[in-house]
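This briefing covers a single protein structure for use in computational work.

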Amino acid sequence: MKIGIIGGGAIGCFVAQRLEASGGGAQVRLVRPERLAEAAGDGVPRVARVADLPDGPDGIDLMVDCAGHAALIDYGAQILERGIDLITVSVGALADRDLEADLAAAARRGGTQLHLASGAIGALDCLAAAKVGGLSKVVYTGRKPPAGWRGSLAEERLDLARLVQAERHFEGTARQAAALYPKNANVAAAVAIAGVGFDETRVELLADPGISANIHEVTASGVFGAFTFRIEGKALPDNPRSSALAAMSVISAIERRRTAITT
């Protein structure tokens, strides 16, 4: 399987290194034009347009988006329509109804699929199964140390540097969270898509000076019964804002495409 990667940040580099170590290195990087010359000597081909991706015998079988919402908006539909499946960690971007519709239409035209990596959260398979019988309530609670919310709307709502106890800075729907916290809402979006949707999934976001890891909690109830799932996630060493589990979930998604028997 020939794989291309969008993104050269912490998650993109993690994915590239793991693919290379397993003998399935990325064949091409899709980058913005101004970044074509970066690391040009590393032997990895780079292109600036979806139209320039190789095809024929050397064509890409699978693209992996590790570059954030803007990359999915700019390249997603073109990749899918070209006939290339796409894995993305930019799940929060799908809170935009128009983008979701465009990607779905492009996938139908190209006979492809957009695969949503599970990211920094688990229990999505349980949510998806519970949805079949009927979910009545899903709540996602995200807690991060104050530093983890820098650069977000939380800075306008809380004095992050002076917190002495956990403080909530957002409560609303997953769609609202995705719009207001585009760099922090991928987990909430993944929970929403697996369960009751963006408008019915309740979200609470807190800054907590008493923790050192990002904590994600999902509580759900319905015909199946009820469950609570909690995970304390560590960040990638190269970027304290990038979840290690999110990067690992991309490799897991790729491996499921490669294996004859999968979960």
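**Helix packing, sheet and pocket**

Helices α4 and α7 count as roughly parallel to each other, because angles under 35 degrees fall in that class and these two helices pack at an angle of about 30 degrees. The model is a predicted one.

**Contact of α4 with α7**

- The axes of α4 and α7 lie 8 Å apart.
- On the α4 side the contact is made by Leu124, Leu127, Ala128 and Lys131, which meet Ala190, Val191, Ile193 and Ala194 of α7.
- By class, the residues of this contact comprise 7 nonpolar, no polar and 1 charged.

**Contact of α2 with α3**

- Helix α2 spans residues 69-81 and helix α3 residues 97-110; their axes come within 7 Å and cross at roughly 20 degrees.
- The helices α2 and α3 are therefore roughly parallel to each other.
- From α2, Leu72, Ile73, Gly76, Ala77, Leu80 and Glu81 take part, and they meet Leu99, Asp102, Leu103, Ala106, Ala107, Arg109 and Gly110 of α3.
- This contact of α2 with α3 divides into 8 nonpolar, 2 polar and 3 charged residues.

**The five-stranded sheet**

- An open sheet of 5 strands has the order β8-β9-β7-β10-β11, with mixed pairing.
- Its edge strands, β8 (167-173) and β11 (225-233), each pair on one side only.
- On average, and with direction ignored, neighbouring strands of this sheet are turned by 10 degrees against each other.
- Strands β7 (residues 135-144) and β9 (residues 202-207) run parallel and are joined by 6 bridges.
- Gly142 has Leu205 in β9 as its bridge partner.
- Helix α7 (residues 186-194) packs on the sheet and touches β7, β9 and β10 (214-222). The direction of α7 makes about 170 degrees with that of β7.

**The second largest pocket**

- The second largest pocket holds about 530 Å³ of space.
- Its lining consists of 20 residues, and those nearest the centre are Leu116, Ser118, Leu124, Asp125 and Arg256.
- At least two lining residues come from each of β6 (114-116), α4 (124-133), α7 and α8 (244-258).
- Helix α8 gives the most to this lining, with 5 residues.
- The lining comprises 11 nonpolar, 6 polar and 3 charged residues.
- Leu124 is among the residues nearest the pocket centre, and Leu124 also belongs to the contact of α4 with α7.

How values were computed. Residues numbered from 1 in each chain as written. Predicted model: local features only at pLDDT ≥ 70, side-chain atom pairs only at ≥ 80, totals over all residues. Heavy atoms only, no water. Pairing = 2+ DSSP bridges. Helix = DSSP H or I, 4+ residues; strand = E, 2+ residues; numbered from the N terminus. Axes fitted to C-alpha atoms, helices over the stretch in contact; angles between N-to-C directions. Contact = heavy atoms within 4.5 Å. 1 Å grid on protein atoms, 1.4 Å probe; cavity = no way out; pocket = protein on both sides within 12 Å on 5 of 7 lines; lining within 4 Å. Points joined across faces, edges and corners; volume = space filled by probe spheres on them. Nonpolar A, V, L, I, M, F, W, Y, C, P; charged D, E, K, R; others polar. Parallel < 35°, antiparallel > 145°, perpendicular 65-115°, else oblique.
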